[in-house]
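Below is a brief report on one protein model.

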Amino acid sequence: MKRMAIFSLFFALLFVLLSGCGSSETNSSAGNGKSGGARVIKVANYFAETHPQNVALREKFKKIVEEKSNGSLKVEIYPNSALGAEQEFYNGVRNGTIEMGIPGLIMQNDIPKMGVPEWPFLFKDFEHVKKVLNGPIGKEIAAELETKHGVVPLAWSANGFRMFSSNRTIDSIDDFKGLRLRMPNIPNYITIGKLLGANVTPLPISEVFTALEQKVVDGQDNPIATLRASGWYEVQTDVLESKHMFSPNVYVVNKKFWDSLTDEQRKIIQEAAKEAANYEFELMEKSYEEDKKFLQEHGIKFTTPSSEFEKQMEEAVQPLYDELFKKYDWAEDLYKRIKAEAK
């Protein structure tokens, strides 16, 4: 009996050890982008959970990818800078620690053509934007992402037309003087703010609320959907409907991860990205009046610039165009082609 007890104890310990090895293998697999045999696609962005970007990701991208792949692909969405600020999660996509991301055009510092969609007063309306970005010009603009940054562009989505929010009314070009304005740390943005006469403070989007709340800055520029979703209306009083710039976002996926997928999986992801991005464009365009009403109900005053004020702002930023046309031999031609698409 004693011998049987010893054997029983031995086999029990052996079972525990073997179970532990199996558990370690599962955890290791999860750390390599797999979950129960499925390939995991982490998608990072800096938008609040209620923003149209994340609504489209949940309702379209995640649903389509998981259903059409029959469970071979699993999508995990990380909103609100959960995997780091914009530059950090974009770097994560580049080095492969994050499979996908939806950054703005932060890569324009290295790839100048990626800054083109954010040139000031370039686009007439949403239809103009979609026509340009979803056509040959959009492909031309994003052509260097794969070779230079190791990410594959999948689709253009909309951040929206940017406007200035502030803690005082801006209804003339002179009101920019002395305004402490937060802008993204991107040269063209900073130049635009300075040319308008503001004192520019570059900050990542994750730090904007605190900077506004503590009055480190007086204002910022973003589409009003972001103003609403991020709660900045709590620490601002005014919005100038300047529409001075259109900001797109771009769905990007790590190239090595992309190349490791099957043809069928790549097709599913590509189609899901385009459908989600198109849906997000629709949500952004339709939400403007609703967002405006919400913000007005929460004490935000909207100012529509006069035609004279609009002309003054356009004239103020013209030196940026002069510099771009001089610096890049492709810039003026591309500008003219984009403007021509509005006709």
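## Aromatic pairs and their setting

Phe-164 and Phe-176 are both buried, where buried means under 20% relative accessible area, exposed over 50% and partly exposed in between (1.4 Å probe, protein chains only). This is a predicted model: local features need pLDDT of at least 70, side-chain atom pairs count only at pLDDT 80 or more, and totals for chains, interfaces and linings use all residues. Residues are numbered from 1 along each chain as its sequence is written, and side-chain values use heavy atoms, with hydrogens and water left out.

A pair of aromatic rings is described by the distance of the centres and the angle of the planes. Here, rings of Phe, Tyr and Trp (its six-membered ring) pair if their centres lie within 6.5 Å; planes under 30 degrees apart count as stacked, over 60 as edge-to-face and the rest as tilted. The structure holds 18 aromatic pairs. Two of them are tabulated.

| Pair | Centre to centre | Angle between planes | Type |
|---|---|---|---|
| Phe-164 and Phe-176 | 5.1 Å | 75° | edge-to-face |
| Phe-176 and Phe-309 | 6.4 Å | 55° | tilted |

Phe-176 lies in the loop between S5 and S6 and Phe-309 in helix H12 (residues 307-316), so their pair ties together parts that are 133 residues apart in sequence. Helices (H or I, at least four residues) and strands (E, at least two) are DSSP runs, numbered from the N terminus. Phe-176 counts as buried because its relative accessibility is 0%. Phe-309 is also buried, at 2%.

Ring pairs also build a cluster: Trp-119, Tyr-321, Phe-325, Tyr-328, Trp-330 and Tyr-335.

## Charges over rings

A charge sits over a ring if NZ of Lys or CZ of Arg is within 6 Å of the ring centre and within 35 degrees of the ring normal. Lys-113 places its charged end over the ring of Trp-330, 5.4 Å from the centre. Trp-330 also belongs to the cluster above. Arg-228 lies over the face of Phe-294, 4.0 Å from the ring centre.

## An exposed lysine

Lys-215 sits in the loop between helix H8 (208-213) and strand S8 (219-222). Its relative accessibility is 52%, so Lys-215 counts as exposed. Arg-180 is 35 residues away from Lys-215 in sequence and 9.1 Å away in space, C-alpha to C-alpha.

## The whole protein

The protein has 14 helices and ten strands. Of its 343 residues, 50% are buried. Contact means heavy atoms within 4.5 Å. Among contacts between residues at least 6 apart in sequence, 75% join residues at least 24 apart.
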